[in-house]
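This report describes a single protein chain for a reader who is new to structural analysis. Please keep the sequence and the model in view while reading.

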Amino acid sequence: MNPVLVALDVESAAKAIELADQLRGAVGGYKIGKQLFTATGPAMVRELTSRGDRVFLDLKFHDIPNTVAGAVQSAVATGAWMVNVHASGGTVMMKAAAEAASRSAGALGRPRPLVIGVTVLTSMTDAMLQEIGVARTVMDQVVLLAQLARAAGLDGVVASPQETRAIREACGPDFQIVTPGIRPLRPFDKLKVAPSGVEGRQGSGQAADQQGTDDQARTLTPAEAISAGATYLVIGRPITGAPNPREAAERIAATLP
């Protein structure tokens with residue numbers, strides 16, 4: 001199956017549906033994060049799932065176990081195919097999330113969504129971790145959190161592609177690894193990217209980094225990420241901001257091993 005999940009980081013339901021309709025069949029699913037969810041609520045998730053789309057609900061739940069369990073229960077009711085929690089919430093919280101997903105899916109008679117843990121945000125560096133009191137390197141922290149997530153019964157983690165190989169070695173072949181921070185290199189970085197909500201920026205890949213407008217600190221190309229062991233690739237601006245998003249998605253898919 002196509003491993004590309006397109007980040008619908010746009011400002012309205014109309015724009016999200018337009019992109020989803022344009023990309024359907026060329027990508028593996030869609031990510032709905034805080035921007036679109038705050039603007040449209042769970043109705044947007046239900047709309048896409050009713051059309052047969054796989055939706056990764058990227059809200060990064062992080063709270064006391066009971067609250068996270070309730071949030072996961074509500075997420076299951078939307079039909080989301082994948083949900084996530086912050087692995088830094090700890091083992092008890094992650095177990096509560098996994099158990100809520102199974103219990104809610106069973107009660108509703110629908111497939112249990114994948115529940116994955118966010119390790120270290122792709123915008124963070126070693127220095128940023130030290131600033132908040134984490135003495136480990138990004139790599140060590142990511143692997144530790146991935147191992148905790150696996151032990152807690154989660155299906156996988158979100159991590160930058162640069163940590164994918166280490167996670168795969170630590171957690172085994174069946175562990176799901178979702179990788180944001182995917183930046184196609186040339187010729188894709190020559191595509192002129194038009195603004196798309198507050199996420200819109202000029203350029204992609206190295207071009208965006210050189211302009212200082214890309215907030216992803218740890219990136220790889222799609223082919224490199226898959227070769228390193230990624231299961232799914234979350235790609236936003238290089239596709240959604242391209243003049244022809246479907247063509248951009250198809251060109252990225254063509255580079256995958």
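P222 lies in helix α10, which covers residues 222–228; helices here are DSSP runs of H or I with at least four residues, strands are runs of E with at least two, and both are numbered from the N terminus. P222 is buried, because its relative accessible area is 4%; buried means under 20%, exposed means over 50%, and partly exposed lies in between, with a 1.4 Å probe and protein chains only. Leaving out residues up to four places away in sequence, P222 touches I182, R183, P184, L233, I235, I252, T255 and L256, where contact means heavy atoms within 4.5 Å. The C-alpha atoms of P222 and Y232 are separated by 9.7 Å, and these residues are 10 residues apart along the chain.

The model is predicted; local features need pLDDT of at least 70 and side-chain atom pairs count only at pLDDT 80 or more, while totals for chains, interfaces and linings use all residues. Residues are numbered from 1 along each chain as its sequence is written, and side-chain values use heavy atoms, with hydrogens and water left out.

**The chain and its barrel**

The protein chain holds 12 helices and 8 strands. Of its 257 residues, 53% are buried. Among contacts in the chain with a separation of 6 or more, 69% come from residues 24 or more positions apart.

How are the 8 strands arranged? They close into a barrel in the order β1-β2-β3-β4-β5-β6-β7-β8, with parallel pairing. On average, neighbouring strands of this sheet are turned by 25 degrees against each other, direction ignored; angles run from 0 to 180 degrees between N-to-C directions, and axes are lines fitted to C-alpha atoms, for helices over the stretch in contact. Strands of a sheet pair through backbone hydrogen bonds, either parallel or antiparallel. Two strands are said to pair if DSSP finds at least two bridges between them.

Strand β2 (residues 29–32) pairs with strand β3 (residues 55–61) in the parallel sense over 3 bridges. Within this pairing, K31 stands opposite F56 in β3. The side chain of K31 also forms a polar contact of 3.4 Å with that of D9. A polar contact is a pair of N or O atoms within 3.5 Å; within protein, one must be able to donate a hydrogen and the other to accept it, and residues adjacent in sequence count only if both atoms are side-chain atoms. D9 is found in the loop between β1 (4–7) and α1 (13–23), and D9 counts as buried because its relative accessibility is 17%.

K60 is placed in strand β3. Although K60 is not a glycine, it has a positive phi of about 50 degrees. Most residues other than glycine have a negative phi. K60 is partly exposed, since its relative accessible area is 22%.

The bridge partner of V158 in β7 is V178. Both faces of β7 (residues 176–179) are covered: Q176 and V178 on one side, and I177 and T179 on the other, are all buried.

**Helix packing**

| Helix pair | Crossing angle | Axis distance |
|---|---|---|
| α4 (residues 65–77) and α5 (residues 91–108) | roughly 35 degrees | within 8 Å |
| α7 (residues 138–151) and α8 (residues 164–171) | about 35 degrees | 10 Å |

α4 passes α5 in a right-handed crossing; a crossing is right-handed if the near helix is turned clockwise from the far one by less than a right angle, and left-handed if anticlockwise. The residues of this contact divide into 14 nonpolar, 2 polar and no charged. Ala, Val, Leu, Ile, Met, Phe, Trp, Tyr, Cys and Pro count as nonpolar, Asp, Glu, Lys and Arg as charged, and the others, Gly among them, as polar.

α7 passes α8 in a right-handed crossing. M139, V142, V143, A146, Q147 and R150 in α7 meet A166, I167, A170 and C171 in α8. By class, this contact has 8 nonpolar, 1 polar and 1 charged residues.

Helix α8 also holds R165. Is R165 buried or partly exposed? R165 counts as partly exposed because its relative accessibility is 47%. Apart from neighbours within four places in sequence, R165 is in contact with S227 and A228. R165 and I226 are 61 residues apart in sequence and 9.7 Å apart in space, C-alpha to C-alpha.
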